[in-house]
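Keep the structure open beside the text as you read.

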Amino acid sequence: MKDILTLGIESSCDETSVAVVKNGREILSNIIDTQIPIHEKYGGVVPEIASRNHIEAISRVTKKALSDANVSFNDIDAITPTYGPGLVGALLVGLSYGKALSFATGKPLVGVNHIEGHIAANYITYKDLKPPFICMMMSGGNTQIIHVKDYTSFEVLGKTRDDAIGEAFDKVARVIGLGYPGGPKVDKLAKEGIPEYNLPKTHFENADFSFSGIKTAVINLNHKLKTINKANLCASFQKAVTEELIENVKKVLNVKKIETKTIALAGGVSANSYIRKEFLDLEQEGYKIYMPDLKLCTDNAAMIASAGYYNYMAGKRDNMFLNAKPNLKLSD
Ligand code: KG4
């Protein structure tokens with residue numbers, strides 16, 4: 001069968017990324033132009049600045065992705081930009097660029113849901129992974145337990161009712177003065193600590209999450225205690241949220257009577273070393289755990305090109321009316 005090359009374009013937040021992926025699984029190039037140093041001094045992503053920087057980067061990053069993959073537009077089978085969820089101005093840059101490329105080259109346009117992209121990062125890391133499986137999706141904007149029934153068929157089994165888990169990591173880091181982005185910094189400091197502080201966990205009847213309570217508890221503890229051990233606080237926070245993640249995954253498999261023992265992690269927070277270790281330990285209970293390569297956990301266009309491939313193969317085609325959807329859900 002002929003190889004299919006997809007050109008993934010990602011600009012939903014603070015990474016401008018373009019990638020060429022073969023048959024949804026093999027990265028030919030994956031250029032990531034991160035804006036983290038630009039937003040660091042503001043303590044978080046400034047949407048307008050993100051959009052402007054995407055505009056400045058997008059052509060350069062695309063040219064490099066094509067040249068590193070040693071291909072031209074002629075070799076590409078589909079242009080697959082992220083169209084949501086994310087920051088609307090940021091999304092519009094990559095999507096409009098993708099639409100223009102599709103119009104100019106005559107190649108099909110296939111819009112990609114960013115969350116599907118995070119799930120697909122696992123297909124690149126594990127060539128043998130096939131649906132169905134459960135995905136614990138954890139990023140800066142989303143926290144969901146997803147039943148991946150097929151490559152383009154999903155059911156959300158549980159989700160956060162307030163903050164995303166990545167937001168909670170970033171907030172905790174900011175409160176104790178670690179800076180942005182907080183996740184990797186909390187991860188690093190927690191390695192030097194012990195989980196001595198008791199932090200609240202939420203228990204809903206279904207498999208939903210809430211991270212605003214624990215975030216507030218960390219803030220209060222930090223105000224109340226004169227000598228807080230920051231490393232211990234990070235370790236305690238990580239332990240509490242990880243327990244909540246694992247309890248909910250197990251609960252939902254049980255309640256929904258889902259047979260699969262295959263669990264894949266996804267999203268920026270799946271780069272967390274403690275979360276990865278705790279989920280891997282579940283293999284002793286008979287679960288099979290998948291987790292993307294570290295460089296594919298956070299935003300990148302290779303995962304978008306992979307999800308784009310599966311949508312393209314399923315016959316999805318978009319036209320020039322495709323608009324950015326900041327609140328795009330998995331089933332839309
Ligand atoms: O998936 P992502 O790159 O962007 C979204 O699609 O939202 O996720 C970014 C989030 C940030 O909140 C960042 O702090 C968090 O992922 N993150 C981590 C780690 N690396 C990135 N959180 C915990 N531990 C990490 N090692």
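Rings of Phe, Tyr and Trp (its six-membered ring) count as a pair if their centres lie within 6.5 Å. By that criterion, this predicted model holds 8 aromatic pairs. If you look for where rings gather, you will find a cluster in which ring pairs link Tyr 123, Phe 133, Tyr 151, Tyr 309 and Tyr 310.

Rings also meet charged side chains here. Arg 161 lies over the face of Phe 204, 3.8 Å from the ring centre. In another such arrangement, Tyr 287 has the charged end of Lys 261 over its ring, at 4.3 Å from the centre.

Now turn to a pair of helices. Two packed helices are described by the angle between their axes and the distance between the axes. Helix α4 spans residues 114-125 and helix α11 spans residues 301-313; their axes come within 7 Å and cross at roughly 95°. Because angles of 65 to 115 degrees count as roughly perpendicular, α4 is roughly perpendicular to α11. On the α4 side, the residues in contact include His 114, His 118, Tyr 123 and Ile 124, and on the α11 side they include Met 303, Ile 304, Tyr 310 and Asn 311. The residues of this contact divide into 9 nonpolar, 5 polar and 1 charged. Tyr 123 and Tyr 310, both part of this contact, are also members of the aromatic cluster.

Finally, step back to the whole chain, which has 11 helices and 10 strands. Its radius of gyration is 20 Å, close to the 20 Å that the globule rule gives for 332 residues, so the chain is as compact as a globular protein of that length. Along the principal axes, its C-alpha atoms fill a box of roughly 60 × 45 × 30 Å.

Definitions and conventions: Residues numbered from 1 in each chain as written. Predicted model: local features only at pLDDT ≥ 70, side-chain atom pairs only at ≥ 80, totals over all residues. Heavy atoms only, no water. Phe/Tyr/Trp six-rings, centres within 6.5 Å; stacked < 30°, edge-to-face > 60°. Lys NZ or Arg CZ within 6 Å of the ring centre and 35° of its normal. Axes fitted to C-alpha atoms, helices over the stretch in contact; angles between N-to-C directions. Helix = DSSP H or I, 4+ residues; strand = E, 2+ residues; numbered from the N terminus. Parallel < 35°, antiparallel > 145°, perpendicular 65-115°, else oblique. Contact = heavy atoms within 4.5 Å. Nonpolar A, V, L, I, M, F, W, Y, C, P; charged D, E, K, R; others polar. Rg over C-alpha atoms; globule rule 2.2 N^0.38 Å.
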